[in-house]
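Please walk through this structure step by step.

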Amino acid sequence: MPGAGSFSCSHLAVNSSVVILGGNITASCTIWRNHCPIAKDSKIQIIWKLSNQQLQGSQYSLSNGVEVSNITLGPFKEPVTPLSCYLQEHDIPQVVNLTRIKAGYPPGQPQNLTCVFNLTSKSLACQWDPGWDSLLPTRVALKGFRSSRECKALTPITDCIPEPGQHSCTFQRLELQLYQKMLFWVSVENALGNVTSERLCADPMDLAWLEPPIIQDIRPLFEESDCMEVKWEAAKDSELMEQACDLRYRVEGSLEWSLVHNITTSSRRIQQCGFLFGSLYRFHMRCRRLHLSYWSSWSPAKLFTTDEKAPSGMLDAWWELREAKEGTEVQLLWQPMKPHEANGKILGYWAALSINQHASNSLSLCNTTEKQCTFLMPPGARRIYLSAYNSRGASQPTEIFLLEKNGQPVLKVQASPHNEKSFQLWWDPPRTPATGYIIEWHQVTSAATDRNFGWQKLPNGSIREILIQENIEPFQRYNISVYPLYRDRVGVPQSIEAYTRQKAPTNSPEVHPQNIGVSTAEVRWNPLPIEERNGFITGYTLFWITRDEEPRSIAVNASVNTLTISGLRPSKMYSLHLMTSTMGGSTNGTSLAITTKDMEFLDITIVYLLIGLLLAMVIGMVICFQKSKRMKTQFWPSVPDPANSSLGKWAPAVLQEETMQAPKACELSPIIVSAILMIEADEKKCVSCGKSEPSPAVEESPAAPSDSGAHEAKGAVPTGGSGPTSYINNPEPVQYAKVLGGSYLTQQEASSPTVYVCSSSRQPLLRSLTPSPKPYKNLWFHGDQPKQAPPSSFQEETVFLDGALLDFPLLQGLKIDGDEDLCNFRQL
């Protein structure tokens with residue numbers, strides 16, 4: 001069997017010693033008892049071990065003492081795995097055979113086969129990209145064949161075997177057939193298969209890689225011309241070949257190349273136009289065999305500077321006017337000329353009040369190599385001429401009018417960070433159409449005189465946004481202004497301040513104590529310099545803490561720099577610090593220790609007086625409550641309770657003999673009220689009582705104890721007058737009367753007349769005025785009630801009492817025994 005390994009008394013066989021990674025194999029182990037040192041009758045067992053894993057296969061015995069064990073193993077996940085067969089006798093395993101199982105993949109196909117013919121060594125070097133790693137031993141060979149024109153393989157040449165780990169190989173000149181086509185490919189083989197790359201069919205000379213050409217000379221066609229002639233020569237090994245070449249060039253410092261492709265002239269020279277004046281250029285060339293072959297590498301650089309001529313074009317200028325002691329100071333700024341307008345190196349700039357550069361010095365304002373100058377404007381002058389010059393002459397003067405900056409501004413300006421090094425700026429156009437805009441920006445610093453700003457002119461009035469990238473740094477504040485330009489004036493600027501990125505302030509202000517009191521402390525701080533803010537300050541937070549208290553804080557907005565904290569304890573040391581915050585973070589300042597003042601003598605005296613006064617009030621209240629009877633007499637006069645008087649326990653004989661009858665269905669209430677108290681009032685003390693007659697029922701009653709008592713009881717019953725009646729409590733002693741009501745049978749019978757009993761109590765009533773009942777509370781006092789004559793009979797008195805029961809709520813509780821005709825009264 002393939003892959004079998006054996007010792008003298010055993011044999012180990014596998015169906016394949018190489019398997020695809022993740023595949024399975026079958027193995028068989030055979031042991032001959034006659035050839036192994038094993039007892040004849042002893043029992044043996046065959047055990048498998050895959051790497052360090054012990055396995056059990058299916059074991060059976062054959063004739064002549066042959067033991068066989070078969071097993072299926074997998075999946076294999078390692079490139080190499082050892083497999084062993086063990087013989088176990090008397091529980092002692094002994095290895096009798098072993099082998100190694102290899103796992104991997106079929107070979108991967110090579111890609112990108114390229115071959116280059118070297119004209120100097122006449123050798124063909126090929127290289128390729130290998131396929132995936134098969135994890136198995138692999139044989140790689142570069143195969144070559146002489147072929148027909150149709151690229152069919154004819155005669156093979158000796159294989160080129162690369163070095164281990166290399167992916168290239170070189171055929172020498174003796175193996176090659178020049179000016180005829182040959183066929184090449186890469187073959188890769190391992191135990192699981194073989195694969196070949198795509199075939200390359202070409203004449204080795206078509207695969208030649210030429211040496212780069214050499215640029216000999218560059219010169220202008222004529223003076224102040226933008227056309228150049230470039231001349232070169234081919235490398236020595238390729239002089240006789242027809243070649244195609246490329247020329248590239250660029251201005252020194254630029255990243256963009258200009259390319260002239262496929263130059264096939266046999267004279268090996270070319271003329272090219274469009275070069276800038278006074279500029280340094282870098283030239284390169286490369287060549288290849290005509291139509292085929294590979295491009296050579298680029299030749300070494302050839303530098304050439306074109307001729308200069310006088311600058312052309314106009315300068316973009318801007319100005320700032322400032323009032324000075326000597327007069328009006330003008331700061332004139334301008335943008336450098338573009339390369340195609342400068343026509344060489346600019347040597348300087350000249351500003352004057354006249355177009356003629358050779359005018360007298362009195363008309364010259366400044367001559368500088370910088371891009372700005374400052375000078376005093378002569379009185380009445382409103383026009384300046386600015387020119388740039390080089391070694392060949394000066395540009396045409398740019399006329400600058402110092403217009404008034406009082407035109408309409410743009411309506412709105414917005415700025416947002418584009419990245420850490422640039423702003424995106426938008427604005428709404430003014431109501432009057434503008435011919436252009438000036439965008440001005442500068443870094444905001446603590447020094448008010450530092451105005452080193454950048455600016456840009458937009459000649460188109462339809463532009464609404466711009467990207468500002470010049471001299472922008474993160475964590476710095478910038479002021480950006482937009483000036484609209486009109487034909488006869490400049491608009492008022494609209495400005496905005498912004499950061500491209502914010503972070504926590506570099507420092508936090510120091511806190512300075514101003515006024516320290518007993519329980520308050522006033523502190524102040526100075527705003528941070530703008531350079532240390534690193535963003536817009538959003539607020540301050542002041543923290544203070546003492547040893548035996550929780551930390552406390554208070555937050556204020558960015559415009560506050562003085563703060564008074566309260567609620568402090570006297571003679572205590574507090575630690576204060578200030579935290580400054582921006583949108584990018586917060587920074588804590590240094591701590592300040594303060595000590596509150598002690599309480600002064602006057603304060604202590606006032607506190608003690610207040611405490612003494614409070615104690616005196618508490619003691620006085622305690623004494624007053626201890627003498628509660630006297631206090632009650634002063635503030636709450638004692639009113640006798642008639643229910644506890646002697647009359648409250650006395651009842652007349654008539655009432656005692658009265659038999660209680662069951663209430664009828666039409667009676668008012670099952671509750672019996674047999675007596676009410678009446679207050680005896682002097683007729684003289686009744687206000688607006690009128691001259692009403694006394695009730696006959698009362699006057700004729702034989703059971704009245706005394707005339708005076710009956711007379712006094714009469715005053716308690718209101719008369720039939722139409723108006724409301726007011727009463728005043730009598731300050732003099734009055735008597736209490738008890739009305740004993742008998743059974744009230746019918747209007748015709750009066751067997752149990754009403755009895756009035758006078759009380760001997762002389763307790764004075766309350767002296768306060770008692771207001772009359774409101775009209776809506778007592779129908780008796782309503783003014784629209786008809787006048788009635790005084791009752792003259794018992795029947796009339798009954799009618800009167802029926803009305804009184806409706807008017808007086810206390811009387812509604814009386815128990816009335818009598819005729820069922822009173823059912824109508826209950827329904828009322």
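## From the whole chain to single residues

Of the contacts in the protein chain with a separation of 6 or more, 63% join residues 24 or more positions apart. The model is predicted. The protein chain holds nine helices and 53 strands. It has 828 residues, and 36% of them are buried.

Turn to the nonpolar cores. The largest one has 29 residues. Those with the most contacts inside it are Trp-318, Trp-319, Leu-332, Phe-375, Ile-384, Leu-386 and Ile-400. Several strands each supply at least two residues of this core, among them E26 (317-323), E28 (348-352), E30 (372-376) and E31 (383-390). Strand E40 (478-485) is also one of these suppliers. E27 gives the most, with four residues.

Ile-400 shows the packing from one side chain's point of view. Leaving aside neighbours within four places in sequence, Ile-400 is in contact with Ala-317, Trp-319, Leu-332, Arg-382, Arg-383, Ile-384 and Leu-386.

Next comes a segment with a database label. The unreviewed UniProt entry annotates residues 606-625 as "transmembrane region". In the model, this span is 100% helix and 0% strand. Its end C-alpha atoms lie 29 Å apart.

Now the rings. A pair of aromatic rings is described by the distance of the centres and the angle of the planes. The structure holds 15 aromatic pairs. One of them joins Trp-525 and Tyr-540, with 5.4 Å from centre to centre and 55° between the planes. That pair is tilted. Trp-525 belongs to strand E44 (residues 521-525), and Tyr-540 to strand E45 (residues 537-545). The two are 15 residues apart, and the pair links distant parts of the chain. Are Trp-525 and Tyr-540 buried or exposed? Both are buried. Elsewhere, ring pairs link Tyr-249, Phe-275, Tyr-281 and Phe-283 into a cluster.

Arg-248 brings charge to the aromatic rings. Its charged end sits over the ring of Trp-257, 4.2 Å from the ring centre. Arg-248 also lies over the face of Trp-298, at 4.2 Å from that ring centre.

Which residue is 13 places from Arg-248 in sequence and 8.5 Å away in space, C-alpha to C-alpha? It is His-261. This histidine sits in strand E22 (residues 258-263). His-261 counts as partly exposed because its relative accessibility is 47%. Not counting residues up to four places away in sequence, His-261 touches Cys-245, Asp-246 and Trp-295.

Glu-224 has a relative accessible area of 36%, so it is partly exposed. Phe-277 is 53 residues from Glu-224 in sequence, yet the two are 7.6 Å apart in space, C-alpha to C-alpha. Apart from neighbours within four places in sequence, Glu-224 is in contact with Phe-277, Asp-307, Glu-308, Lys-309 and Arg-392.

Last, look at the backbone. Most residues other than glycine have a negative phi, and most peptide bonds are trans. Which form does the bond from Gly-74 to Pro-75 take? That peptide bond is cis, with omega near -5°. Pro-75 lies in the loop between strand E8 (66-73) and strand E9 (80-89).

Two residues stand out by phi. Asn-112 is not a glycine, although its phi is positive, at about 55°. Asn-112 is part of strand E11 (residues 111-118). With a relative accessible area of 55%, Asn-112 is exposed. Phe-475 has a positive phi too, near 65°. Phe-475 is found in the loop between strand E39 (465-468) and E40. Why does Phe-475 count as buried? Its relative accessibility is 19%, and buried means under 20%.

Technical notes
Residues numbered from 1 in each chain as written. Predicted model: local features only at pLDDT ≥ 70, side-chain atom pairs only at ≥ 80, totals over all residues. Heavy atoms only, no water. Core = buried A, V, L, I, M, F, W, Y, C linked by side-chain atoms within 4.5 Å. Buried < 20%, exposed > 50% of the residue type's maximum accessible area, 1.4 Å probe, protein only. Contact = heavy atoms within 4.5 Å. UniProt positions renumbered as here; feature names shortened; annotations may be inferred. Phe/Tyr/Trp six-rings, centres within 6.5 Å; stacked < 30°, edge-to-face > 60°. Lys NZ or Arg CZ within 6 Å of the ring centre and 35° of its normal.
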